[in-house]
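Visitor: Hello! Could you walk me through this protein, one feature at a time?
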Amino acid sequence: MLGNNKYNIYDHRKKLSDELLSKILDFDKSQFPYPWTRESWTNFFNGRRHFVLCTLEGQELNGFSLFSVDVIDGNSELLKICVERSLCGKGIASSLFKKSLHYIDKNYGLNSIYLDVSALNHRAIKFYEKFGFDKVRYQKKFYTDQNDAHGMILLFNDSIKKSMLTE
């Protein structure tokens with residue numbers, strides 16, 4: 001942890017405060033070239049899908065990870081993970097990722113995680129490969145800006161869970 005920052009976990013069973021939603025919206029706008037709209041965020045959090053949100057918060061929001069969780073088959077999708085640019089390279093994204101996975105496994109079970117990542121985002125691809133993700137598909141013009149994407153997956157077994165999910 002850095003300074004007075006604290007990791008928090010939220011899921012579909014707890015309504016997010018308007019203050020946290022505003023922080024997430026502002027942070028998303030500051031970190032992504034094509035952020036979600038307030039309506040998209042509100043619909044996502046108030047919808048029927050299960051989610052797990054892990055945040056790193058101090059006086060400001062400094063990072064978050066967001067997963068969609070399929071509680072029936074234990075498959076999840078990493079929708080977003082980001083850390084304040086000035087804090088990159090300090091292990092925060094890894095902590096957000098691991099804390100989220102541990103929570104998902106403990107509360108819902110975890111068989112696999114899927115994600116899409118820009119083919120131009122080499123740092124993110126390296127991050128995911130470090131955790132054992134494999135590229136399983138290539139999609140041309142996947143994003144709004146017409147950038148291509150890699151679909152990546154991580155299949156969990158007992159040894160991966162033991163190495164990655166121990167607290």
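This is a predicted model: local features need pLDDT of at least 70, side-chain atom pairs count only at pLDDT 80 or more; totals for chains, interfaces and linings use all residues.

Visitor: In what order do the strands of the open sheet stand?
Guide: Helices (H or I, at least four residues) and strands (E, at least two) are DSSP runs, numbered from the N terminus. Two strands pair if DSSP finds at least two bridges between them. Here seven strands form an open sheet with mixed pairing, in the order β1-β2-β3-β4-β5-β7-β6.

Visitor: Which strands stand at the edges of the sheet?
Guide: An edge strand has a single partner strand, so one side of it is left without a neighbour in the sheet. The strands in that position are β1 (6-11) and β6 (134-139).

Visitor: Which residue of β7 is the bridge partner of D116?
Guide: Strand β5 (residues 112-118) and strand β7 (residues 149-155) run antiparallel and are joined by seven bridges. With β4, in contrast, β5 pairs in the parallel sense over four bridges. Within β7, the partner of D116 is G151.

Visitor: Is β5 largely enclosed or open?
Guide: Buried means under 20% relative accessible area, exposed over 50%, and partly exposed in between (1.4 Å probe, protein chains only). Five of the seven residues of β5 are buried, so the rest of the structure leaves this strand largely enclosed.

Visitor: Why are the buried residues of α2 on the same side of the helix?
Guide: In helix α2 (residues 38-46), the residues W41, F44 and F45 are buried. They share a side because they cover an arc, taken from the directions from the helix axis to the C-beta atoms, of only 90°. On the other side of α2, E39 and N46 are exposed. So the answer is the arc of only 90°.

Visitor: What do the buried residues of α2 pack against?
Guide: Contact means heavy atoms within 4.5 Å. The helix α2 lies across β2, β3 and β4. Its buried residues pack against α1 (18-31), β2 (50-57), β3 (61-70) and β4 (75-83).

Visitor: Which element gives the most to the lining of the largest pocket?
Guide: A pocket is found on a 1 Å grid over the protein atoms alone, as an open set of points where a 1.4 Å probe fits, with protein on both sides within 12 Å along at least five of seven lines; lining residues have an atom within 4 Å of a point. The largest pocket is lined by 37 residues, of which F32, I81, N121, A124 and Y128 lie nearest its centre. At least two lining residues come from each of β4, α3 (92-108), β5 and α4 (122-130). The most, seven residues, come from β4.

Visitor: Which residues is V71 in contact with, leaving aside its neighbours within four places in sequence?
Guide: V71 sits in the loop between β3 and β4. It is partly exposed, with a relative accessible area of 33%. Beyond those sequence neighbours, V71 is in contact with H50 and Y108.

Visitor: Where does K141 lie, and what is its phi near?
Guide: K141 lies in the loop between β6 and β7. At 58% relative accessibility, K141 counts as exposed. Its phi is positive, in a residue other than glycine, and is near 50°.

Conventions. Residues are numbered from 1 along each chain as its sequence is written. Side-chain values use heavy atoms; hydrogens and water are left out. Axes are lines fitted to C-alpha atoms, for helices over the stretch in contact, and angles run from 0 to 180 degrees between N-to-C directions.
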